[in-house]
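Student: Can we walk through this one together? Start with whatever term I need for reading contacts.

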Amino acid sequence: MTTVLRTSPRRFVSTPSVERIANRALRYLQSGYSVHLRGPAGTGKTTLALHLADLLARPLMLIFGDDEFKTSDLIGNQSGYTRKKVVDNFIHSVVKVEDELRQNWVDSRLTLACREGFTLVYDEFNRSRPEVNNVLLSALEEKLLVLPPSNNRSEYIRVSPHFRAIFTSNPEEYCGVHSTQDALMDRLVTINMPEPDELTQQEILVQKTEIGRASALLIVRLVKEFRIRTGNEKSSGLRSCLMLGKVCHDHEILASPGNADFRDVCFDVLLSRSGLPLTQTTQILWELLNDAIGLGVVETDLDEAVLSESTHHQAAVHPEAAVHPEAAVHSEAAINPDVALNPEVAAALADTIAADLEALAAEAAIHDLESAALTTEDVVDVPVPFSASPTDTDSPPAAETSYEQKIIAYLTQMNGARLSQIEQALQIDRFRAVDVLRLLTEKGSVVLRDRLYLLAEA
C-alpha cells in the first residue's frame with residue numbers, strides 16, 4: 001500500500017540567502033512548473049524540497065532515485081491476481097464450472113500523485129536510469145500519464161491541476177549518477193544550489209545543534225579551510241559541521257583547536273572526507289588545528305558571537321532589541337522610563353556588557369592556551385610544525401620575564417585589574433597578555449577572581 005506523507009523539515013533554518021532561493025522556487029511551483037534543485041551533496045537540497053512541499057500545503061509523495069528502478073516502480077504494476085470459480089450443480093447429473101482469473105493493478109507513487117494532485121519530491125532522480133524517467137515527460141508537459149494496456153482500467157490518467165513535482169540531483173561527475181535526457185531537463189526550471197555561505201552555515205549549526213555561536217563560527221571556518229587545503233570541492237562541508245557541532249554539544253566538548261577531545265572528533269569526522277593519502281591529510285589537519293590564527297577566528301569574531309548571543313537573549317523579552325546591541329538599553333527604557341532619564345544607568349549597563357564580553361573572551365583564550373600545552377601523543381603521532389625546542393621550555397625568554405615584572409608591578413599599584421586594563425596600561429597585545437598571565441597563574445603569583453586579576457596572598 002502506498003503511503004502518503006504530511007511532513008515538514010525539522011527546524012528549517014531560514015537566512016537571507018536561503019530565503020531568496022526558496023522564494024524563487026516557490027514562484028515557479030505556484031505557476032504550475034516543476035522545479036529542479038541541483039548541487040553538491042550536503043547543500044540542503046532535500047531539506048529545501050521538503051520545505052517547499054510544506055509551503056504548498058498538499059500531501060507529499062517521496063521517491064528516492066535508484067539504479068535498479070523500473071518504470072513500474074514509478075507508475076505501478078500488476079500485483080497478483082484474483083481467481084473466481086463457480087460450480088453450478090443445479091441438475092445433479094450436470095455440473096457446470098466457471099473459472100475466472102483477473103490480474104490486480106496497484107498504483108505506485110507517481111500515479112497516485114498525478115491522480116490526486118499531491119506534491120511529488122523525487123530525490124536524486126538522476127540516480128535512476130534515463131529510460132525509467134521517460135514516463136515523466138508526458139505527465140509534466142501534456143498533463144497526461146500513460147499506463148500499460150489493460151482491460152480492467154483506463155490506459156490514460158489526467159494529471160490533476162494541483163500536481164507539482166520537485167526534483168533534486170547531484171552533479172553528473174558523482175559516482176552512480178546518470179546523464180539526464182534533454183527532453184526532461186527542458187521541462188524543468190533548474191536552480192543551482194551553491195555551498196551555503198558562512199552566515200547560513202553558522203546559523204544552521206546554532207539552531208540544529210544548539211552549540212554556541214563562537215564555537216559554530218570556529219567549526220565552520222575550520223571545515224572550510226580543511227576542504228580548501230585538501231582540494232575537496234565536490235561536496236559541501238555542512239554535514240561535517242553538523243556532526244562536529246552535535247558531538248561537541250552533546251558531550252560538552254569545548255570547540256577549541258587546543259582541546260584534545262575536539263581534535264579527536266575533528267580527525268574522526270574530517271580525515272575520511274578527502275581523496276588525498278591519509279598521511280598527507282593528517283598532516284594538513286594537524287597544521288590547521290595548530291595554526292588557529294589562520295582560521296580567521298580572532299578576538300573580534302569571538303566578541304561579536306558572544307554579543308550576538310546576548311542580543312538574542314534580550315530579544316526573547318524585548319523583540320526590538322534584536323536589531324542593534326544598543327536597542328537593549330532602549331527596550332529597558334520602554335519598560336522603565338527612569339532608565340531613559342538617567343544617563344549613568346545606561347552607561348553602567350553598557351560597561352557591564354562590555355566587561356562580560358572581555359571576561360568571556362579572556363577565559364576562552366586562556367583555556368585554548370592551556371589546552372595547547374598537550375603533548376603530541378595526546379592527539380596523533382605526527383610532527384608538530386612549530387614545536388618549541390627544549391631550551392625554549394626550560395627557561396622563559398627575557399621579554400616574558402620583563403612582562404611578568406610589569407604586570408606584577410601594575411597589579412600591586414592598582415590592587416587588581418581586568419585583562420583589558422592591563423593591555424591598555426602596559427601596551428601589551430591580547431595574546432601576549434594572556435600568555436604571561438597564564439604563566440603567573442601557574443606559578444601562583446596571580447589569581448583570577450570575579451574577572452579581576454589579583455596578586456596572590458603570601
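Tutor: Contact means heavy atoms within 4.5 Å. This is a predicted model, where local features need pLDDT of at least 70, side-chain atom pairs count only at pLDDT 80 or more, and totals for chains, interfaces and linings use all residues. Residues are numbered from 1 along each chain as its sequence is written, and side-chain values use heavy atoms, with hydrogens and water left out.

Student: Good. What does Gln-201 touch, leaving out residues up to four places away in sequence?

Tutor: Glu-195, Pro-196, Val-220, Gly-237, Leu-238 and Cys-241.

Student: And where is Gln-201 found?

Tutor: In helix H7, residues 198-209. Helices (H or I, at least four residues) and strands (E, at least two) are DSSP runs, numbered from the N terminus.

Student: Is Gln-201 buried or exposed?

Tutor: Gln-201 is buried, because its relative accessible area is 6%. Buried means under 20%, exposed over 50%, and partly exposed in between, with a 1.4 Å probe and protein chains only.

Student: What about Gln-30, buried or exposed?

Tutor: Exposed, because its relative accessibility is 56%. Gln-30 lies in helix H1, residues 16-30.

Student: How far is Gln-30 from Arg-164, in sequence and in space?

Tutor: They are 134 residues apart in sequence, but 8.7 Å apart C-alpha to C-alpha.

Student: Switching to strands. Which ones pair with S1?

Tutor: Two to mention. S1 pairs with strand S9 (residues 188-192) in the parallel sense, over five bridges. S1 also pairs with strand S8 (residues 164-169), again parallel, over four bridges. Two strands pair if DSSP finds at least two bridges between them.

Student: Which residues stand opposite His-36 and Arg-38?

Tutor: His-36 faces Thr-190 in S9. Arg-38 faces Ser-169 in S8.

Student: How many residues of S1 are buried?

Tutor: Four of its five, so by the definition of buried they are under 20% relative accessible area. S1 spans residues 34-38.

Student: Now the largest nonpolar core. Which members touch the most others?

Tutor: Leu-74, Leu-110, Leu-145 and Phe-163, out of 28 residues. Strand S2 (60-64), helix H3 (71-75), helix H4 (109-116), strand S5 (119-123), helix H5 (135-141) and S8 each supply at least two residues of this core. H5 gives the largest share, five residues. A nonpolar core is a set of buried Ala, Val, Leu, Ile, Met, Phe, Trp, Tyr and Cys residues joined through side-chain atoms within 4.5 Å.

Student: What does Phe-163 touch, not counting residues up to four places away in sequence?

Tutor: Leu-110, Ala-113, Cys-114, Gly-117, Phe-118, Leu-120 and Leu-140. There is also a second, separate core of 27 residues, which includes Ile-219, Phe-226, Leu-244 and Ile-284.

Student: On to H10. Which residues are buried there?

Tutor: Ala-260, Phe-262, Arg-263, Val-265, Cys-266, Phe-267, Val-269 and Leu-270. That is eight of the 11 residues in H10, which runs over 260-270.

Student: What covers them?

Tutor: The cover includes helix H8 (213-230), helix H9 (238-250) and helix H11 (278-290).

Student: What happens at the start of H10?

Tutor: A side-chain oxygen of Asn-259 comes within 3.1 Å of the backbone nitrogen of Asp-261.

Student: Last one, the whole chain. How many helices and strands?

Tutor: The chain has 19 helices and 11 strands. Of its 458 residues, 40% count as buried. Among contacts between residues at least 6 apart in sequence, 71% join residues at least 24 apart.

Terms used. Polar contact = N/O pair within 3.5 Å; in protein donor to acceptor, adjacent residues only side chain to side chain.
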